[in-house]
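Subject: Structure handover, with notes

Hi,

Here is the structure I promised to pass on. Have it open while you read, and my notes follow below.

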Amino acid sequence: VAVGGAGHPVLSYACRTLGEYADVIALTEEQMQQFGQEYPRVLADVMRTAADRAGLDFDDIDLVIPHNVNMFSWRQITEEMDIPAERVFLDNVARFSHCFASDVLLNFTTLRQAGRLVEGRHYMLVSVGFGATFAAMVIRYHGPAGN
C-alpha cells in the first residue's frame, strides 16, 4: 500500500457501519432477522456509493470481488442491485468457504492467477465484517506488474 507506485489505483472507497448490530453474539432473534433484512439493501447502497465516488456507472465495473460469506446473501444482493449473478466472483465459496479477513485477497489472487483480470478494467472489492461494517472499494487493474 502506497500513495504512488506500480500498484492498482484505488478509485474510491465507501463504508457504512450499523452500530446497533455491533454485539453480534448478544443479538436477539428479532435483531438478527432485522439485520438479515437490512443486509442486502445496505450493502447494495455501499456498492453503489463506491461506484459513484469512482465516477463510474455500475455497468463500468467488470466484476465484483466479494467476501465469501455465502451464496444466499449474494443472490439477495444481486437481486437488490438488479445485476446478473455472473458479475460476482463466487467460485471460491465452495472451494475455501468464508476465511474472514482473507476472502477478498484470496479471490483477487485466484482471478489474477487465472488471467481473468484485464488491464485498465475496473473491479469492486466488497466485504462485510462483524459489527455490521459494510465496505466497497473500486480499483483499476494495472496488470501483472501491479500485483
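Which residues does Ile-77 touch, not counting those up to four places away in sequence? They are Tyr-39, Pro-40, Leu-43 and Met-47. Before going on, please keep in mind that this is a predicted model.

Ile-77 sits in helix H2. Its relative accessible area is 1%, so Ile-77 is buried, the cut-off being under 20%.

As a reminder, two packed helices are described by the angle between their axes and the distance between the axes. On the H1 side, the contact is made by Tyr-39, Pro-40, Arg-41, Leu-43, Ala-44, Met-47 and Arg-48. H2 brings Ser-73, Trp-74, Gln-76, Ile-77, Glu-80 and Met-81 to the contact. Sorted by class, that gives eight nonpolar, two polar and three charged residues.

**Two residues with a positive phi**

Most residues other than glycine have a negative phi. Asp-82 is not a glycine, yet its phi is positive, at about 55°. You will find Asp-82 in the loop between H2 and helix H3, the latter at residues 91-96. Ala-132 is another non-glycine residue with a positive phi, in this case about 60°. Ala-132 belongs to the loop between strand E3 (122-129) and E4.

Are these two buried or exposed? Asp-82 has a relative accessible area of 70%, so it is exposed, the cut-off being over 50%. Ala-132, in contrast, is buried, with a relative accessible area of 3%.

Arg-112 is part of helix H4, which runs over residues 103-113. With a relative accessible area of 23%, Arg-112 is partly exposed.

Arg-116 comes in the loop between H4 and E3. Arg-116 also counts as partly exposed, at 41% relative accessibility. What does Arg-116 touch, leaving out residues up to four places away in sequence? The list is Phe-89, Asp-91, Leu-111 and Tyr-123. Arg-116 and Gly-129 are 13 residues apart along the chain, with 26 Å between their C-alpha atoms.

His-142 lies in the segment after strand E4, which spans 133-140. At 36% relative accessibility, His-142 counts as partly exposed. Setting aside its neighbours within four places in sequence, His-142 is in contact with Ala-6, Gly-7, His-8, Pro-9 and Glu-119. The C-alpha atoms of His-142 and Arg-121 are separated by 8.2 Å, and these residues are 21 apart along the chain.

One item comes from a record: an unreviewed UniProt entry places the feature "domain: Beta-ketoacyl-[acyl-carrier-protein] synthase III C-terminal" at residues 52-141. In the model, the end C-alpha atoms of that span lie 18 Å apart. The span is 33% helix and 23% strand.

If you want a place to start, go to Ile-77, buried in helix H2, and look at its contacts with Tyr-39, Pro-40, Leu-43 and Met-47.

Cheers

Definitions and conventions: Residues numbered from 1 in each chain as written. Predicted model: local features only at pLDDT ≥ 70, side-chain atom pairs only at ≥ 80, totals over all residues. Heavy atoms only, no water. Contact = heavy atoms within 4.5 Å. Helix = DSSP H or I, 4+ residues; strand = E, 2+ residues; numbered from the N terminus. Nonpolar A, V, L, I, M, F, W, Y, C, P; charged D, E, K, R; others polar. UniProt positions renumbered as here; feature names shortened; annotations may be inferred. Buried < 20%, exposed > 50% of the residue type's maximum accessible area, 1.4 Å probe, protein only.
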